[in-house]
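Colleague: I'm new to this one. Can you walk me through it?

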Amino acid sequence: MGKTESEKETPVGHRQLTAVLVLALVMMLALIPGVMAGDPTGARTLEENPEAPVDYVWVLICGFLVMFMQPGFAMLEAGFSRAKNVTNVLMKNLVDYAVGSLAFFVVGYAIMMNNKSAFFLAGESYDVGIILNWFFMLVFCATAATIVSGAIAERPKFSIYVIYSVIISAIIYPIYGHWLWGGGWLSSADFMTALGGGYGALDFAGSGVVHAVGGYVALAACLLLGPRIGRYDKEGKPIPIPGHSISLAVLGAFILWFGWFGFNPGSTLSAHELRISVIAVNTNLCAAAAAVTAMFITWKKFGKADVVMTVNGAVAGLVAITAPCAWVAPWAAVVIGIVAGFIVCYGYWFLEYRGVDDVVGAIPVHGFNGTWGLLALGLFADGTYGNYTTEAPFITGLLYGNAGFFVCQLISVVVNFAWAFGTGFLLFYILKHTMGIRVTPEEELVGLDISEHGAVSYPDFVYSEPARPTRIIRMSEAVIERENEPRTGGRG
């Protein structure tokens with residue numbers, strides 16, 4: 001069937017697209033210095049440091065592991081979602097990595113490192129060392145971006161999610177990342193270093209920079225989107241909406257657990273830092289302790305061990321240990337994990353009973369436990385490792401007499417929440433009042449796979465007979481009417 005006149009692209013549309021592409025090309029060329037002072041072949045780097053290849057291979061392999069966390073998030077989120085929305089969830093996880101890569105390439109990394117030559121990785125940034133660092137920072141950026149996908153699943157317009165992915169990758173993540181990892185004020189301001197005892201706020205692998213940022217942007221998005229249809233009754237009591245595949249969720253959790261061994265040990269940025277063995281063990285112990293804690297909490301509360309909360313417990317432990325993993329002893333990692341297990345369970349129930357519909361539990365997993373990770377670093381750092389290298393000042397926390405460093409971490413926690421939640425709320429508020437951020441009730445009830453992508457993951461399962469989509473639409477009218485009735489409960 002041919003397109004109608006309104007569906008056909010107009011010459012004006014072609015001209016606009018061409019203009020945008022030409023403008024992007026001109027900007028890129030204008031930002032490229034005439035002389036390339038970098039080391040694009042690696043010859044000079046190798047001459048200066050013959051051992052560099054070992055570190056390069058180490059960082060790249062760890063970066064590949066972190067990138068492999070993307071399918072981990074995709075599987076976990078898909079498993080926790082209903083079958084009619086699986087294609088949409090998978091598409092979001094695919095696209096946020098793709099558009100995030102481009103946004104971070106064009107502008108995000110330059111902002112994060114405060115390096116004017118790093119736009120488009122051109123000029124002096126056409127350098128093997130800078131590009132190595134860019135790739136490792138990129139896969140962390142992608143993790144921050146994809147956290148929001150699961151929290152807001154089954155409701156938002158896909159176009160809105162694409163815009164969000166660009167903004168978080170180009171602005172939100174890089175700016176807070178600069179404050180901690182790019183030489184910004186949280187890590188290097190005179191008053192912060194004086195307070196901390198020679199160093200300011202720290203975050204080894206991203207409990208705050210990556211996870212809390214993503215988690216609190218997710219909180220803002222969930223508040224503005226509102227809960228899914230059918231998630232609460234008229235009195236505001238939560239009604240469970242089970243995901244379609246525990247198998248995919250558990251598979252996703254194991255992929256994330258595995259990928260985290262690139263996330264945390266890789267953040268040494270050097271294979272010569274033998275502390276990687278401690279980091280790996282701390283990562284594993286904290287995840288295990290949090291998973292077991294969440295399992296026992298649900299076992300006691302419901303009389304049965306809940307697999308969904310146990311999955312989230314494991315990921316919560318991974319998030320919590322990400323900031324302190326290099327600076328604490330294994331026993332402390334277990335304690336951090338136990339606390340993380342409590343935080344993820346009671347944090348989820350706290351939000352649920354206040355009307356916050358977080359499909360996968362991303363806010364307590366990444367937001368609350370990202371905050372806990374920053375604070376745990378300020379508590380448990382035991383003075384056996386320096387600031388990313390053994391030659392730097394050794395880091396000690398409150399339990400080892402350094403109250404000033406704990407205050408640095410408290411400041412970082414406050415700034416982290418204010419920045420992530422504030423910018424996230426502003427972004428989604430503007431989008432809500434301009435473009436609209438949520439699909440129609442009819443589209444939501446049928447499923448975003450159909451309305452947003454025209455394809456479903458399980459066609460025989462979702463629509464077992466041709467008449468069913470029509471029946472769903474007709475049945476939706478009663479549900480929509482019920483959703484619009486006044487409520488007296490605590491949907492908040």
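Colleague: What should I know before we start?

Modeller: This is a predicted model, where local features need pLDDT of at least 70 and side-chain atom pairs count only at pLDDT 80 or more, while totals for chains, interfaces and linings use all residues. Residues are numbered from 1 along each chain as its sequence is written, and side-chain values use heavy atoms, with hydrogens and water left out.

Colleague: How many helices and strands does the chain have?

Modeller: The chain has 20 helices and zero strands. Helices (H or I, at least four residues) and strands (E, at least two) are DSSP runs, numbered from the N terminus.

Colleague: And what share of the residues counts as buried?

Modeller: Of the 492 residues, 54% are buried. Buried means under 20% relative accessible area, exposed over 50%, and partly exposed in between (1.4 Å probe, protein chains only).

Colleague: Which residues have the most contacts inside the largest nonpolar core?

Modeller: Phe-140, Tyr-173 and Tyr-176 do, in a core of 130 residues. Helix α6 gives the most to this core, with 15 residues. A nonpolar core is a set of buried Ala, Val, Leu, Ile, Met, Phe, Trp, Tyr and Cys residues joined through side-chain atoms within 4.5 Å.

Colleague: What does Tyr-176 contact?

Modeller: Leaving aside neighbours within four places in sequence, Tyr-176 is in contact with residues including Leu-186, Val-213, Leu-374 and Trp-419. Contact means heavy atoms within 4.5 Å.

Colleague: New topic. How far apart are the end C-alpha atoms of α10?

Modeller: They are 25 Å apart, which agrees with the 27 Å that its 19 residues (207-225) should span at 1.5 Å a residue. The expected span is 1.5 Å times one less than the number of residues.

Colleague: Is α10 mostly covered or mostly open?

Modeller: α10 is mostly covered, with 18 of its 19 residues buried. Gly-226 follows α10 and has a positive phi, near 85 degrees.

Colleague: What about the largest pocket, how much space lies in it?

Modeller: About 680 Å³. It is lined by 25 residues, and Pro-240, Asp-306, Val-308, Tyr-348 and Glu-352 lie nearest its centre. On a 1 Å grid over the protein atoms alone, a cavity is a set of points where a 1.4 Å probe fits but cannot get out, and a pocket is an open set with protein on both sides within 12 Å along at least five of seven lines; lining residues have an atom within 4 Å of a point. Grid points are joined across faces, edges and corners, and a volume is the space filled by probe spheres set on the points.

Colleague: Where is Asn-369 found?

Modeller: Asn-369 is in helix α15 (residues 362-380). Asn-369 is buried, at 0% relative accessibility. A polar atom of its side chain lies 3.0 Å from the backbone oxygen of Pro-364.

Colleague: Last one. Where does Phe-120 lie?

Modeller: Phe-120 lies in the loop between α5 (86-113) and α6 (128-151). Phe-120 has a positive phi of about 60 degrees although it is not a glycine. Phe-120 is buried, with a relative accessible area of 13%.

Terms used
A polar contact is a pair of N or O atoms within 3.5 Å; within protein, one must be able to donate a hydrogen and the other to accept it, and residues adjacent in sequence count only if both atoms are side-chain atoms.
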